[in-house]
Amino acid sequence: MNGRWDAVVIGTGPAGMAAAATLAEGGARTLVVDEQPEVGGQIYRAIERNRGNDALGRILGADYLRGAPLAGRLRASGAEIRLATLVWRIDEDRGVWMRRDGSVERAEARNVVIATGAMERPVPVPGWTLPGVMTIGALQILLKSSGLIPSGRLVLAGSGPLFYLFSRQCVEAGVSELTLLDTADGRHLPGALPLLPKALTGQGWRYLLKGAGLLAGLRRAGVTLYRGVSGITLEGSEHVAGIRFTHRGGTGSLACDTVGLHEGVIPHQQMTRSLGCVHDYEPAQQSFHPRRDAWGLSSRPGIFVAGDAGGIVGAQASAHEGTIAALAILHALGRLSQEERERRFAAEARARRAHLAARPFIDRLYTPRDEVLVPADATMICRCETVAARELRRLAGHGVPGPNQAKAFLRCGMGPCQGRLCGPTVTSIFARETGDTPDATGYYRIRSPLKPVTVGELAGSGKETGSHP
Amino acid sequence: MFRRIEASAGTAGTLTFEERPVAFRAGDNVAAALLAAGIARFRDSPVDAAPRAPYCMMGVCFECLVEIDGRQNQQACLIPARTGMVIRRQRGARDLADRAP
């Protein structure tokens with residue numbers, strides 16, 4: 001026994017809630033933390049407040065309400081839940097540094113489950129830093145957590161499941177001045193079609209049926225939808241005022257008050273990177289994924305990764321991954337027989353696979369355009385330090401090898417977001433310019449603190465849970 | 001610009017942004033409260049002073065930085081709104097010392 005907590009779970013989305021609940025139910029001393037003040041992650045955000053809200057529940061739909069029983073299970077499991085708690089460092093020996101309410105604490109963990117989920121893929125287009133331009137995920141978060149919906153003229157531009165889902169939710173919520181710019185590239189369809197038969201197996205058909213239903217609903221509602229849109233430029237000085245785009249070889253332009261952008265989601269890799277976990281570039285999802293075994297164990301001992309943080313699988317498969325990681329930990333703790341572990345693993349793995357049946361088809365169909373992955377020269381890539389794609393290409397042309405050297409020359413990735421919003425694009429640009437793979441190009445070295453912690457907060461620390469169990 | 005889907009739900013409290021009173025509802029974080037009040041400019045970029053505002057609403061992008069009760073560079077989207085909070089625009093980079101509230 002060398003630690004107070006058998007497991008520390010980071011994140012209370014579907015993967016984290018399932019992991020923490022399974023661990024605590026199995027008798028493991030479990031701490032689960034989330035930066036947000038409420039459980040649910042982004043997909044089930046504010047689920048405990050909203051579960052009785054019929055009006056909002058009707059808009060958000062049944063898949064959102066699925067989070068309520070999971071949250072209830074977590075609450076009943078006996079896991080210690082700490083919210084509004086930032087994990088800003090994890091030591092080699094799995095000491096987990098947290099900050100809550102201005103005070104810092106280190107918890108020792110025999111195992112860590114990183115369930116920090118996904119973030120939206122950056123959508124660097126000209127004008128994307130203007131106030132009034134947000135991700136579609138951000139707009140949906142405002143709806144879930146504050147019942148807010150854009151007023152005035154709203155343009156949603158992007159592709160993928162969340163694009164259609166939120167468009168439909170806007171219609172349900174009574175947004176009247178809505179225009180959709182679908183950026184999906186029709187040239188991916190021939191490559192996606194061979195993946196369709198498999199997509200209809202398992203639970204896959206449900207995902208496709210939901211998508212078809214969303215599209216039909218949007219058509220019925222008479223929402224203006226432009227397909228095959230590219231070349232998006234946002235205009236305005238103090239606030240977004242218009243959007244220009246290319247459509248069927250011509251150009252279009254719209255006046256607008258709010259713009260939502262979305263080109264899919266990618267694993268939020270800050271924490272796994274900071275631990276030095278091995279990552280591999282996954283071409284099908286155009287993103288880096290931490291390398292894991294079948295249980296979700298990363299390349300670092302005792303560090304598990306579950307859910308979208310390990311590769312985009314969606315909410316339901318994420319919950320199964322959380323459970324699978326918990327089974328491995330319970331067995332290692334001697335709280336679950338090998339036989340029982342194998343039996344439950346088989347059921348969880350089967351259910352997970354069923355939810356992933358349509359994923360390759362969806363990933364292929366909604367592969368982002370090159371203009372999103374490697375934007376044009378004038379486009380700002382690093383929002384914090386205002387670094388344009390041109391400057392990165394110039395460095396690559398001068399023989400600068402990659403993202404970490406670019407940091408030193410341009411300060412890209414050194415602003416407050418610590419490279420979260422520019423890192424994926426910087427790697428893509430360097431890989432494209434040098435002809436190297438993204439794996440060979442690499443990614444920013446991420447170091448703690450993962451978010452700013454003040455000297456005052458550190459000076460006040462000294463509480464340590466775990467040294468005296 | 002945003003509106004509430006439920007017009008009837010009551011106010012939970014009031015904070016101020018640049019001296020202006022801003023009412024908020026239960027569950028609002030500071031960013032949501034400000035957006036609901038029609039505030040579009042949260043901070044000025046330390047590099048070129050361009051206006052910035054929330055982009056991700058989930059703690060990733062750091063575009064929603066504001067000064068709250070004298071503490072600079074606070075992520076408005078992660079901090080629950082509380083009555084009496086004194087909020088100011090984050091102008092450029094933070095100072096070494098926090099301002100007195």
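How many nonpolar, polar and charged residues does the lining of the second largest pocket have, by class? In this predicted model, that lining has 18 nonpolar, 14 polar and 17 charged residues. The pocket itself holds about 1,300 Å³ of space. Strand E5 (95–100) of chain A gives two or more residues to its lining, as do strand E6 (65–68) and E7 of chain B. Of these contributors, E7(B) gives the most, with five residues. The lining comprises 49 residues in total, and those nearest the centre of the pocket are A:Arg99, A:Pro452, B:Asn73, B:Gln74 and B:Gln75.

Chain A has a mean pLDDT of 96, with 97% of its residues at 70 or more. A stretch to read with care is residues 465–469 of chain A, over which pLDDT stays under 50. For this stretch the model has nine contacts beyond four places in sequence.

Five cavities of 30 Å³ or more are found in the structure, and the largest cavity has a volume of about 130 Å³. Its lining is made of 14 residues, with A:Arg121, A:Gln286, A:Pro424, A:Thr425 and A:Ser428 lying nearest the centre. Seven of the lining residues are nonpolar, six are polar and one is charged. Three elements of chain A each supply at least two residues of this lining: strand E19 (287–290), helix H15 (370–373) and helix H18 (423–434). Which of the elements gives the most to the lining of the largest cavity? That element is H18(A), with four residues.

The side chain of A:Thr30 reaches the backbone oxygen of A:Ala28 at 3.0 Å. Not counting residues up to four places away in sequence, A:Thr30 touches A:Trp5, A:Ala7, A:Val9, A:Ala20, A:Leu23, A:Ala24, A:Ala79 and A:Glu80.

A:Leu275, also in chain A, sits in the loop between helix H11 (270–274) and strand E18 (279–282). Is A:Leu275 buried or exposed? A:Leu275 is buried, because its relative accessible area is 9%, under the 20% cut-off. Once neighbours within four places in sequence are left aside, A:Leu275 is in contact with A:Ile90, A:Asp91, A:Ile114, A:Arg300 and A:Ile303. A separation of 171 residues in sequence lies between A:Leu275 and A:Ile446, while their C-alpha atoms are 8.4 Å apart in space.

In chain B, B:Met85 is found in the loop between strand E7 (71–75) and strand E8 (86–91). The residue counts as buried because its relative accessibility is 3%. Beyond its neighbours within four places in sequence, B:Met85 is in contact with B:Leu15, B:Thr16, B:Val30, B:Ile68, B:Asp69, B:Ile79 and B:Pro80.

Key:
Residues are numbered from 1 along each chain as its sequence is written. Chains are lettered from A and ligands numbered from 1 in the order in which they are written. This is a predicted model: local features need pLDDT of at least 70, side-chain atom pairs count only at pLDDT 80 or more; totals for chains, interfaces and linings use all residues. Side-chain values use heavy atoms; hydrogens and water are left out. On a 1 Å grid over the protein atoms alone, a cavity is a set of points where a 1.4 Å probe fits but cannot get out, and a pocket is an open set with protein on both sides within 12 Å along at least five of seven lines; lining residues have an atom within 4 Å of a point. Grid points are joined across faces, edges and corners, and a volume is the space filled by probe spheres set on the points. Ala, Val, Leu, Ile, Met, Phe, Trp, Tyr, Cys and Pro count as nonpolar, Asp, Glu, Lys and Arg as charged, and the others, Gly among them, as polar. A polar contact is a pair of N or O atoms within 3.5 Å; within protein, one must be able to donate a hydrogen and the other to accept it, and residues adjacent in sequence count only if both atoms are side-chain atoms. Contact means heavy atoms within 4.5 Å. pLDDT is the predictor's confidence in each residue, from 0 to 100. Buried means under 20% relative accessible area, exposed over 50%, partly exposed in between (1.4 Å probe, protein chains only).
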